[in-house]
Amino acid sequence: MLARTASATSVAVAGSTVADGIAVSLDKLLLGSLVPIEQRITAAIAAGVITEQPVRPLAMILLMLVNDTALMIAAAADRAVARRDAGAALAQLISGLRTDH
């Protein structure tokens, strides 16, 4: 049974929303990409390189950053410059996770 919820973009279907389904599908799609990122984050936390924090959200955020950066580079008029600049920005952002800065 379909029922409109308070959110204009969510439609309830048997106790679950379309948004829930999209999130579950996205999670399954990204799982293969997330596992190696999660492993590296877990190792960095264990080694004291980065502070202890929830691994899955950080892995998803990093993966989204990398994916969006790739799209930005692909759409750039000068891909070499975009790649250099994006690489520098990502490196600076990721270095902010380190405990020794």
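**Exercise 1: The whole chain**

Among contacts in the protein between residues at least 6 apart in sequence, what percentage join residues at least 24 apart? Work that out, then sketch the overall layout.

*Solution.* 

Step 1. Keep in mind that you're looking at a predicted model. For contacts between residues at least 6 apart in sequence, the share joining residues at least 24 apart is 35%.

Step 2. Now list the elements. The protein has 3 helices and 3 strands, and reading along the sequence gives you β-β-β-α-α-α.

Step 3. Finish with the surface. Of the 101 residues, 19% count as buried. The accessible surface is about 7,100 Å², and 66% of that belongs to carbon and sulfur atoms.

**Exercise 2: One face of H3**

Take helix H3 and work out where its buried residues sit. Why can we say that they line one face of the helix?

*Solution.* 

Step 1. Check the helix itself. H3 covers residues 79-95, which is 17 residues, and it spans 24 Å from its first C-alpha to its last, close to the 24 Å expected at 1.5 Å a residue.

Step 2. Pick out the buried residues: they are Ala82, Ala86 and Leu90. Look down the axis of H3 and these buried residues fall within an arc of 55°, so they line one face.

Step 3. Here's the background idea. An α-helix has 3.6 residues a turn, so residues three or four places apart point the same way.

Step 4. Turn to the other side of H3, where Ala80, Arg84 and Gln92 are exposed.

Step 5. Ask what the buried residues pack against: the partner is helix H2 (55-75).

Step 6. Last, look at the start of H3. A side-chain oxygen of Asp78 comes to within 3.3 Å of the backbone nitrogen of Ala80 there.

**Exercise 3: H2 from the inside**

Is Thr69 buried or exposed?

*Solution.* 

Step 1. Start with the length. H2 has 21 residues and reaches 30 Å between its first and last C-alpha, close to the 30 Å expected at 1.5 Å a residue.

Step 2. The buried residues in H2 are Leu58, Ala59, Met60, Leu62, Leu63, Thr69 and Ile73.

Step 3. Zoom in on Thr69. The cut-off for buried is under 20% relative accessible area, and Thr69 has 14% relative accessibility, so Thr69 counts as buried. Its side chain reaches the backbone oxygen of Leu65 at 2.6 Å. Not counting residues up to four places away in sequence, Thr69 touches Ala86 and Leu90.

Step 4. Move to Leu65, which is also placed in H2. At 29% relative accessibility, Leu65 counts as partly exposed. Leaving aside neighbours within four places in sequence, Leu65 is in contact with Leu90 and Leu93. The C-alpha atoms of Leu65 and Leu90 are 8.1 Å apart, though 25 residues separate the two along the chain.

**Exercise 4: The largest nonpolar core**

*Solution.* 

Step 1. Gather the members: Leu34, Ile41, Ala44, Ile45, Ile50, Leu58, Ala59, Met60, Leu62 and Leu63, 10 residues in all.

Step 2. H2 gives the most, with 5 residues.

Step 3. Follow one member, Ile50. Not counting residues up to four places away in sequence, Ile50 touches Ile41, Ala44, Ile45, Leu58, Leu97, Arg98 and Thr99.

Notes
Residues numbered from 1 in each chain as written. Predicted model: local features only at pLDDT ≥ 70, side-chain atom pairs only at ≥ 80, totals over all residues. Heavy atoms only, no water. Helix = DSSP H or I, 4+ residues; strand = E, 2+ residues; numbered from the N terminus. Expected span 1.5 Å × (residues − 1). Buried < 20%, exposed > 50% of the residue type's maximum accessible area, 1.4 Å probe, protein only. Arc of directions from axis to C-beta. Contact = heavy atoms within 4.5 Å. Polar contact = N/O pair within 3.5 Å; in protein donor to acceptor, adjacent residues only side chain to side chain. Core = buried A, V, L, I, M, F, W, Y, C linked by side-chain atoms within 4.5 Å. Areas by Shrake-Rupley, 256 points an atom, 1.4 Å probe, with all protein chains shown as cover.
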